[in-house]
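Good morning, and thank you for coming.

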Amino acid sequence: MIHYTQHIHAELQGLLGAAGADRAFLLMDETTARLCRPLLGTAADTLLPVVIPPTDAHKTLATLADVWRALVSGGASRRSLLVNLGGGMVTDLGGFAAATFKRGIRYINIPTTLLSMVDAAVGGKTGINFEGLKNEIGAFRDSEAVVIDTSFLRTLDTPNVLSGYAEMLKHALLRGGEMWLDHLRFDPSRPDLTRLQEMVRQSIDVKSSIVAEDPHERGLRKALNLGHTVGHAFESLALRRGQPVLHGYAVAWGLVCELYLSCRLAGFPEDAMRQAWNFVREHYGTFAFTCDDYPALLELMRHDKKNAGGAINFTLLEAPGHLRLDSHATDAQIEDMLDFYTNT
Ligand SMILES: NC(=O)c1ccc[n+]([C@@H]2O[C@H](COP(=O)([O-])OP(=O)(O)OC[C@H]3O[C@@H](n4cnc5c(N)ncnc54)[C@H](O)[C@@H]3O)[C@@H](O)[C@H]2O)c1
Ligand SMILES: [Zn+2]
């Protein structure tokens, strides 16, 4: 159940009352404990706080064990509740702690970054990184509730707002129509949070309806990989260079590349591609690489987990809102796409 509110305090009080848990815990990272916990006010006074270090670097087994330990020492039972207050790192790790503690306890997500609102906190995927591999260990487990309040974004830095907005652009492209045009008219660098709350609702609707049809990623859920085949390759290359970029920036750059490929292979309209291109360049800048990087980029795309055999698999669009799953592109077509990116 997703709850949209601008009164997080009252909403949480209601949810806690309805849950009737014997004990409830509040998982936060150090930053959300400082900046987001105050917005919960007295509604969270009965929750036992559990604070972990921030960022994806700590989405590890060691941190997970600390959370299990805090649950044990706080006397958690199978009827207890975990409330996750934070970005995707907290909702992923907290969700997995809840999925595994005593074979599963209930949890509620209160996402505090735009990325976690429209992506990480919804859809039931939980997990941690392991042995240097992203999200290597995890489980599908649905939350009892997700509570969305864009007021939390007041303290979030602009790059993290933009990073989340890239996933919203993806959802808007998948839906098409007015939703896509609205997203091009919005200014994510100076967001109107009231308007954004409504756009987040639309965005979650797109993700939820896709996940509902394909909860375990057997087919349609691949639509959510739009922009990610190329995006992940950019993200990995940046990491190798020791200049990591935020996930959403790589997705935004990946989206425009895959729209170019959609023009070439699936008849996506050229003017719509150029509009997207201009928007992304204005807000996200561009990712710098040369033809010397092509072999590495192709290799990274080939190793993307969605590929069976050697072919590089893409989700393409015939137009905004019109999907073509499981398309393949040859190396020459991908190099042409990379040429277009570096030349434009
Ligand atoms: N489960 C899924 O389906 C799914 C989908 C996408 C991403 N993810 C995961 O989500 C994570 C990325 O999420 P993220 O971008 O939210 O990262 P994050 O949770 O690391 O948050 C980014 C930073 O913002 C800080 N922060 C959080 N809320 C804040 C606020 N309101 N004001 C100020 N600072 C705040 C955090 O402390 C952190 O330093 C990755 O681990 C990724 O694997 C999961
Ligand atoms: Zn993503």
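Let us start with helix α1, on the face turned away from its buried side: the exposed residues there are A10 and G17. Helices (H or I, at least four residues) and strands (E, at least two) are DSSP runs, numbered from the N terminus.

Before going further, I note that this is a predicted model, in which local features need pLDDT of at least 70 and side-chain atom pairs count only at pLDDT 80 or more, while totals for chains, interfaces and linings use all residues. Residues are numbered from 1 along each chain as its sequence is written, and chains are lettered from A and ligands numbered from 1 in the order in which they are written.

Which residues of α1 are buried? They are I8, E11, L12 and L15. These residues lie on the same side of α1, because they cover an arc of only 95° around the axis, taken from the directions from the helix axis to the C-beta atoms. Their packing partners are β1 (2–4), α3 (37–40), β5 (106–111) and β8 (145–148). Just after α1, G20 has a positive phi of about 55°.

Strands β6 (residues 125–130) and β7 (residues 133–140) pair in the antiparallel sense over five bridges; pairing requires at least two bridges found by DSSP. T126 is opposite A139 in β7. Two residues separate the strands, and E131 in this hairpin takes a positive phi near 50°.

At least three residues come from each of domain 1 (2–155) and domain 2 (158–343), whose bounds come from an automatic or database domain assignment.

Finally, the domains. The C-alpha centres of domain 1 and domain 2 are 28 Å apart. Their contact (C-beta atoms, placed from the backbone, within 7 Å) takes 17 residues from domain 1 and 21 residues from domain 2. On the side of domain 1 that touches domain 2, β1 and α6 (114–120) are the elements giving two or more residues, and α6 supplies the largest share, five residues.

Conventions: A residue is buried if 20 or more other C-beta atoms lie within 10 Å of its own, exposed if 12 or fewer, and partly exposed in between; C-beta atoms are placed from the backbone. Two residues are in contact if their C-beta atoms, placed from the backbone, lie within 7 Å.
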